[in-house]
Amino acid sequence: MTSLNNNINLLKYITPEKYINFFKKYPRLQNLLKFKNKILRNYLINFYFRLVKKNKKLKFFFLDESKEINQINFKSKDLFENNKHILESLAYNGIVILEEAINSNEREKILRYFDEIENKNISSEWINNEIINASVVKYKNNNDLEIFCMKKNLNYLPKLSKLIDCVTKEVFGNKVDTIAEFFFHKCKNIENPDLQEDTKFHLDRYLPCLKIIYSPNSIDHSNAPFGYIKKTHKLNNNFMKNFMLNSKKFFVNENELNENLKKNALSLTCPANSLIITFTNGLHKRNIFKKKNSRRTIFFQFTDNFNFFSLLNHKKYN
Ligand SMILES: [Fe+2]
């Protein structure tokens, strides 16, 4: 009787929604790190890698050996007209910058949206009208940096939306929807290096992870440029494989970087109106603010809409 009761209790816990919610999520490194047993960890990694291999586009970017292309900066119009070189560079390096991303009308409209956040005077339509204080959520007691975030539907940004659709089709094999996350960073005191985890090289996920960042203004070395270590997005990269198997944390301290990684580290300063396309399963970070300054960036992420189901359902993407 007790065993029957236990089974009934167990059934109550295992509901179909819980299964569905689990599969809807894109696997997180934090979950992998919970497996202390290396054999199990290795088994899980290989299971996911075999799934990735079934998607031809993902295989091209994340598993195949790529042609060496050292050019990182391109013009956005080339994405529609002649994108072979851009895609080969993205596959080889794990990052490209598209300059002259959108027309000046849409860029100026974006700057006005940022003014709404900065002046705390919301007048246009947002997904939620509340300004999120992301620094409180992310950094707890850090008073050096304020980060405000708001989310907008991509219908309001048609030119960016067109670029993003083109990138997702090329990377995933089919269009993947997303929203625009506006981040306004305001540095009140010059930051200390290595204080926060996202200012150290880290990975967001251990499986193919696309992130696109739009910067309406130029970014120089003082206002927190994006940092990236080229080629670490490849799933068969030795350092990354070793890191995934043995690490207890999802970031790498500066003294743990070998010479080869240091040689491939980039600090991505960019001109105004640039789109950074990158794979954040590779090692990346936000460099610290070296001056009291601000930064306006829009982030586009895809892990909600390209998830474990999408890896299983590879026919839809091939
Ligand atoms: Fe990250």
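Against which helices and strands do the buried residues of H7 pack? They pack against helix H5 (56-62), E1, helix H6 (77-81), E2, helix H10 (158-172) and E11, where contact is defined by C-beta atoms, placed from the backbone, that lie within 7 Å. The structure is a predicted model, in which local features need pLDDT of at least 70, side-chain atom pairs count only at pLDDT 80 or more, and totals for chains, interfaces and linings use all residues. Residues are numbered from 1 along each chain as its sequence is written.

The protein contains 13 helices and 13 strands; helices (H or I, at least four residues) and strands (E, at least two) are DSSP runs numbered from the N terminus. The radius of gyration, taken over C-alpha atoms, is compared with a globule rule of 2.2 Å times the number of residues to the power 0.38. For 318 residues a compact globule would have a radius of gyration near 20 Å, and the 21 Å of the protein agrees with this. Along the principal axes, the C-alpha atoms fill a box of roughly 70 × 45 × 40 Å. Of contacts between residues at least 6 apart in sequence, 82% join residues at least 24 apart. A residue is termed buried if 20 or more other C-beta atoms lie within 10 Å of its own, exposed if 12 or fewer, and partly exposed in between, with C-beta atoms placed from the backbone. By this criterion 32% of the 318 residues count as buried.

Eight strands form an open sheet of mixed pairing, in the order E1-E2-E11-E7-E13-E5-E4-E3; two strands pair if DSSP finds at least two bridges between them. Strand E1 (73-75) and strand E3 (132-133) stand at the edges with a single partner strand each, so one side of each is left without a neighbour in the sheet. Strand E2 (residues 95-99) pairs with strand E11 (residues 274-279) in the antiparallel sense over four bridges, and Leu-275 in E11 is the bridge partner of Leu-98. Helix H7 (residues 84-93) packs on the sheet, where it touches E1, E2 and E11, and its direction makes about 145 degrees with that of E2. Axes are lines fitted to C-alpha atoms, for helices over the stretch in contact, and angles run from 0 to 180 degrees between N-to-C directions.

Seven of the 10 residues of H7 are buried, so this helix is largely enclosed by the rest of the structure. The buried residues of H7 are Ile-86, Leu-87, Ser-89, Leu-90, Ala-91, Tyr-92 and Asn-93. Gly-94 follows H7 and has a positive phi, near 85 degrees.

Elsewhere in the sheet, E4 and E5 run antiparallel and are joined by eight bridges, with Lys-151 opposite Glu-181 in E5. E5 also pairs with E13 in the antiparallel sense, over six bridges, and Phe-183 stands opposite Thr-297 in E13. Helix H8 (residues 104-118) lies across strand E4 (145-152), strand E5 (180-187) and strand E13 (294-301), and runs at about 55 degrees to E5. Asn-105 belongs to helix H8 and is exposed, with 9 other C-beta atoms within 10 Å. The C-alpha atom of Asn-105 is separated by 10.0 Å from that of Lys-159, 54 residues apart along the chain.

A nonpolar core is a set of buried Ala, Val, Leu, Ile, Met, Phe, Trp, Tyr and Cys residues joined through C-beta atoms within 7 Å. The largest such core has 62 residues, of which Val-96, Leu-98, Ile-212, Leu-275, Ile-276 and Ile-277 touch the most other members. H10 supplies the largest share of this core, six residues. Neighbours within four places in sequence aside, Ile-212 is in contact with Ile-164, Val-167, Leu-275, Ile-276, Ile-277 and Phe-300. Another core, of five residues, lies apart from it and includes Leu-145, Cys-187, Ala-224 and Ile-288.

Ala-224 is located in the loop between strand E7 (210-215) and strand E8 (226-229). Although not a glycine, Ala-224 has a positive phi of about 60 degrees; with 25 C-beta neighbours inside 10 Å, Ala-224 counts as buried. Lys-231, in the loop between E8 and helix H11 (238-246), is likewise not a glycine and has a positive phi of about 75 degrees. Lys-231 has 19 C-beta neighbours inside 10 Å and counts as partly exposed.

Definitions and conventions:
Two residues are in contact if their C-beta atoms, placed from the backbone, lie within 7 Å.
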